[in-house]
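Subject: Structure handover

Hello,

Here is the structure for you to look through. My notes on it follow below.

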Amino acid sequence: MSANLSSELLNTFVTVVHEQGFIKASERLHKTQSTVSQQIKKLEQEVGVALFQAEGRKRILTPEGEIFLGHARRILSSHQDAVAAIAGPRQYQQLKIGISQALSETLLPALLGQFRQANPQLALEVHCGFSQELGKEFDAGNYDLVLLLQPDKAALTGLQISEEPLAWVASAQFYPQPGAPLPLAFLSPQCQFRQRGLEALDQAGITWEQVYHTSSFASLMMAVRAGLGVTVRPLRGLGQDWQLADLPQLPELQSMYIELRSHPSAPAQQLEKLLARQNLIIN
């Protein structure tokens, strides 16, 4: 194994993983695909192991490649820190964050703003999405830190921030029809609140129909306030726009958990400490 790994080869490797393929990586790096392939092959020769393996038409990381990815990212980050230390205040270190959509509505933007003001040398890039996809992207090395919702403790692989009890929520104008299926309002099928609610209803033998589905949280709020249906939200995050559904037949909902995962970089650890000190409230 070579003791002097080229930062150019490491950057090509990390870019291939980040862009999920050689073609997009070549476009990002402004290199030909053959050049990218040659650089990956050269890097594999230098480290003495295969970093990618074929899976159908795709090439995925080998177990050794998964391990090497974290080290490659840290080496490149150290190079950037070294340049920034002598280049003056114009150099910025990027911190890429993924946040579960349900956690991005109230408290977290303010906390991230606070963190940004305390760390002006950082360039934050924040993406909101569904926990399952964000978890996969983090494992692939595409995020420095992610905050996820997990259905149970057994699924946690990072730091548990808090336990979030769930509740059925409806409007004062909501009047279910006797004998009719329970009308529901939810976000997309990837929403874990939706999944938890439907599982509870099915186990309780309660018939339901989803009368309103949307990808917009604001639209969901409007639909529930208008009395179109019942939804599921974290109990601690209920504000003036929400109230508990006064329907005794609704089954109890199990709690979910907020999980924090981060790669071992200094900025990610600073943000991790800030988030861990907060009593996270979501709605």
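Contact here means heavy atoms within 4.5 Å. By that rule, residues 24 or more positions apart account for 76% of the contacts in the protein chain with a separation of 6 or more.

Two notes on the basis. This is a predicted model, so local features need pLDDT of at least 70, side-chain atom pairs count only at pLDDT 80 or more, and totals for chains, interfaces and linings use all residues. Residues are numbered from 1 along each chain as its sequence is written, and side-chain values use heavy atoms, with hydrogens and water left out.

Overall make-up

The protein chain has nine helices and 12 strands. These are DSSP runs, numbered from the N terminus: helices are H or I with at least four residues, strands are E with at least two. Of the 283 residues, 45% count as buried. Buried means under 20% relative accessible area, exposed means over 50%, and partly exposed is in between (1.4 Å probe, protein chains only).

The five-stranded sheet

Five strands make an open sheet with mixed pairing, in the order S4-S3-S5-S12-S6. Two strands pair if DSSP finds at least two bridges between them.

Ile 99 has Leu 147 of S5 as its bridge partner. Helix H6 (residues 131–139) lies across S3, S4, S5 and S12 (256–262). H6 runs at about 145° to S5.

Tyr 143 is in the loop between H6 and S5. Tyr 143 counts as buried because its relative accessible area is 7%. Tyr 143 and Leu 95 are 48 residues apart in sequence, yet 7.9 Å apart in space, C-alpha to C-alpha. Leaving aside neighbours within four places in sequence, the contacts of Tyr 143 include Arg 73, Lys 96, His 127, Phe 138 and His 263.

S1 and S2 run antiparallel and are joined by four bridges. They form a hairpin with two residues between them. Gly 56 in the turn has a positive phi of about 65°. Gln 53 stands opposite Ile 60 in S2.

His 30 sits in the loop between H2 and H3 (33–47). Its phi is near 60°, a positive value in a residue other than glycine. Is His 30 buried or exposed? His 30 is exposed, with a relative accessible area of 75%.

Cores

A nonpolar core is a set of buried Ala, Val, Leu, Ile, Met, Phe, Trp, Tyr and Cys residues joined through side-chain atoms within 4.5 Å. The largest core has 44 residues; Trp 168, Val 230 and Leu 271 touch the most other members. Another core, of 20 residues, lies apart from it and includes Val 14, Val 36, Phe 68 and Leu 76.

Cavity and pocket

On a 1 Å grid over the protein atoms alone, a cavity is a set of points where a 1.4 Å probe fits but cannot get out. A pocket is an open set with protein on both sides within 12 Å along at least five of seven lines, and lining residues have an atom within 4 Å of a point. Grid points are joined across faces, edges and corners, and a volume is the space filled by probe spheres set on the points.

There is one cavity of 30 Å³ or more. The largest cavity has a volume of about 140 Å³. Its lining has 16 residues, with Ser 100, Ala 102, Phe 130, Cys 191 and Gln 192 nearest its centre. H6 and H7 (192–204) each supply at least two residues of that lining.

The second largest pocket holds about 650 Å³ of space. It is lined by 22 residues, and Gln 20, Gly 21, Lys 58, Arg 59 and Ile 60 lie nearest its centre. H1 (7–19), H2 (22–29), S1 (52–55), S2 (58–61) and H6 each supply at least two lining residues.

Best wishes

Definitions and conventions
Axes are lines fitted to C-alpha atoms, for helices over the stretch in contact, and angles run from 0 to 180 degrees between N-to-C directions.
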